Amino acid sequence: MSKTHLFSTGTENLTFAKMERGRVIKSTGSRYAVETESGEILYCGIRGRIRTRGIRSTNPVAVGDWVKVEGDRDDPVIVDIEKRKNYIVRRSVKLSKESHIIAANLDLAIMVATMLHPTTLPVFIDRFCVAAEAYHIPVAVVFNKIDLLTEEERELLDDFLDVYRRVGYETLVCSATSGEGLDELSDLLRGKVSLFSGHSGVGKSTLLNKLDPKMNVRVGAISEAHLTGKHTTTFAEMHRLSIGGYVVDTPGIRGFGLVHFETEEIAGYFPEMRALLPDCKFHNCQHIQEPGCAVKSAVETGEVAGTRYNSYLNMVEDTETEESYR
Ligand code: GDP
Ligand code: ZN
């Protein structure tokens, strides 16, 4: 509710005429920078109990949230949060039921990878894809530093990426150094809220600076520090790109951080396997040893790529080890 001004003539711009809608682009824990639909940045507090819609979270409002703001211009308050189309979370403390929402309403999760210097392993890419599937975020796989590849290596990479294209993921090759593929990368990012992930050194900051020199991302600043119990709070931030669109920076987490999966759900997050699951002989098939497994047959025919299946096995193995520690 806005303050009433006894002597207000009604012409001063002391209060909002109506509620404003905006998007949270930065959070510091207690204040939130909200970019309104009219392009203004308001530094808002929160008032009252905001419905968190079923999520037990340590932070009621996250970067990427669409919110309603009201109040004086010098003291605007977030009064409502719109339903999120997706969000990424991190459990605040190990085994805690409370989560920390890192970012919401992402349009695209981009895996930035490199074949050489450093080498990104397929299993790292697939884990990212699986997490994105679980979070309902579309995936793009971008290979940078193609200037370092021989003709032969480029062909190999193209075959490798063909697997992802067939799964339905957007793929792209580029070089921040030579400029190749950067127009396509711009097109991919334009108008979207994207998450940039990938190993340190693959060129995330360099690419962003090439796309938008005004952004001035510190090289190495798009952090990928290992997720340890030491980080207690992490605040993401949205950077606006001059080409249109935003990139979400999530300091302190690598990719999506730790996503916990149950063994039975993993295959469902591989889209090419998901379609085959009803054809397995056993409904609780783990697609490892079982007879009449449709996934394994598809691996044999090449319909499901061997690298993807390996990643699947790798993830199942991890889940099993994880469970034995409980
Ligand atoms: P980040 O950790 O993912 O943000 O990676 P950086 O942007 O810090 O880049 C790591 C190193 O790779 C830097 O020395 C960049 O100059 C270099 N680099 C980035 N993109 C390319 C590229 O396309 N080709 C080559 N050869 N080097 C690149
Ligand atoms: Zn099976």
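The paragraphs below go through a predicted model of one protein chain, from the whole to single residues.

The chain has 326 residues, and 48% of them count as buried. Its secondary structure comes to 8 helices and 13 strands. Contacts give another view of the whole chain. Among contacts with a separation of 6 or more, 64% are made by residues 24 or more positions apart.

Confidence comes next. The mean pLDDT of the chain is 84, and 79% of the residues reach 70 or more. Over residues 1-5 the pLDDT is below 50, and this stretch has 8 contacts in the model beyond near neighbours in sequence. Residues 8-12 also have a pLDDT below 50. Beyond near neighbours in sequence, residues 8-12 have 1 contact in the model. Where pLDDT is low, the predicted coordinates should not be read in detail.

Strand 1 covers residues 20-27, and Glu 20 lies in it. Is Glu 20 buried or exposed? Glu 20 counts as buried because its relative accessibility is 16%, and the cut-off for buried is under 20%. Apart from neighbours within four places in sequence, Glu 20 is in contact with Thr 36, Ser 38, Glu 40, Val 67, Lys 68, Val 69 and Arg 73.

Val 24 is also found in strand 1. At 0% relative accessibility, Val 24 counts as buried. Residues up to four places away in sequence aside, Val 24 touches Tyr 32, Ala 33, Val 34, Val 61, Ala 62, Val 63, Gly 64, Asp 65, Val 67, Ile 78 and Met 238. Ile 78 is 54 residues from Val 24 along the chain, and the C-alpha atoms of the two are separated by 9.8 Å.

Some places in the backbone also deserve a look. Most residues other than glycine have a negative phi, and most peptide bonds are trans. Asn 105 has a positive phi, near 55°, and is a residue other than glycine. Asn 105 is placed in the loop between strand 7 (99-104) and strand 8. With a relative accessible area of 9%, Asn 105 is buried. His 136 has a positive phi too, near 60°. The loop that holds His 136 runs between helix 1 and strand 9 (139-144). His 136 is exposed, with a relative accessible area of 61%. As for the peptide bonds, a cis bond joins His 117 and Pro 118, with omega about -5°. Pro 118 has its place in the loop between strand 8 (108-114) and helix 1 (122-134).

The next part concerns helix 3 and helix 4. Two packed helices are described by the angle between their axes and the distance between the axes. Helix 3 (residues 182-189) and helix 4 (residues 204-211) pack at an angle of about 85°, and their axes are 11 Å apart. The two helices are therefore roughly perpendicular to each other, as angles of 65 to 115 degrees count as roughly perpendicular. Which residues of helix 3 and helix 4 meet? From helix 3 come Leu 182, Leu 185, Ser 186 and Leu 189, and from helix 4 come Leu 207, Lys 210 and Leu 211. By class, this contact has 5 nonpolar, 1 polar and 1 charged residues.

Leu 188 lies in helix 3 as well. At 8% relative accessibility, Leu 188 counts as buried. Not counting residues up to four places away in sequence, Leu 188 touches Leu 108, Ile 110, Ala 140, Val 142, Glu 170 and Leu 172. Ala 140 is 48 residues from Leu 188 along the chain, and their C-alpha atoms are separated by 8.7 Å.

Helix 7 shows how burial can be arranged around a helix axis. An α-helix has 3.6 residues a turn, so residues three or four places apart point the same way. Helix 7 covers residues 294-301, and its buried residues are Ala 294, Val 295 and Ala 298. Seen down the axis of helix 7, these buried residues fall within an arc of 100°, so they line one face of the helix. After helix 7 comes Gly 302, whose phi is positive, near 90°.

Key: Residues are numbered from 1 along each chain as its sequence is written. Chains are lettered from A and ligands numbered from 1 in the order in which they are written. This is a predicted model: local features need pLDDT of at least 70, side-chain atom pairs count only at pLDDT 80 or more; totals for chains, interfaces and linings use all residues. Side-chain values use heavy atoms; hydrogens and water are left out. Buried means under 20% relative accessible area, exposed over 50%, partly exposed in between (1.4 Å probe, protein chains only). Helices (H or I, at least four residues) and strands (E, at least two) are DSSP runs, numbered from the N terminus. The arc is that of the directions from the helix axis to the C-beta atoms. Axes are lines fitted to C-alpha atoms, for helices over the stretch in contact, and angles run from 0 to 180 degrees between N-to-C directions. Angles under 35 degrees count as roughly parallel, over 145 as roughly antiparallel, 65 to 115 as roughly perpendicular and the rest as oblique. Contact means heavy atoms within 4.5 Å. Ala, Val, Leu, Ile, Met, Phe, Trp, Tyr, Cys and Pro count as nonpolar, Asp, Glu, Lys and Arg as charged, and the others, Gly among them, as polar. pLDDT is the predictor's confidence in each residue, from 0 to 100.
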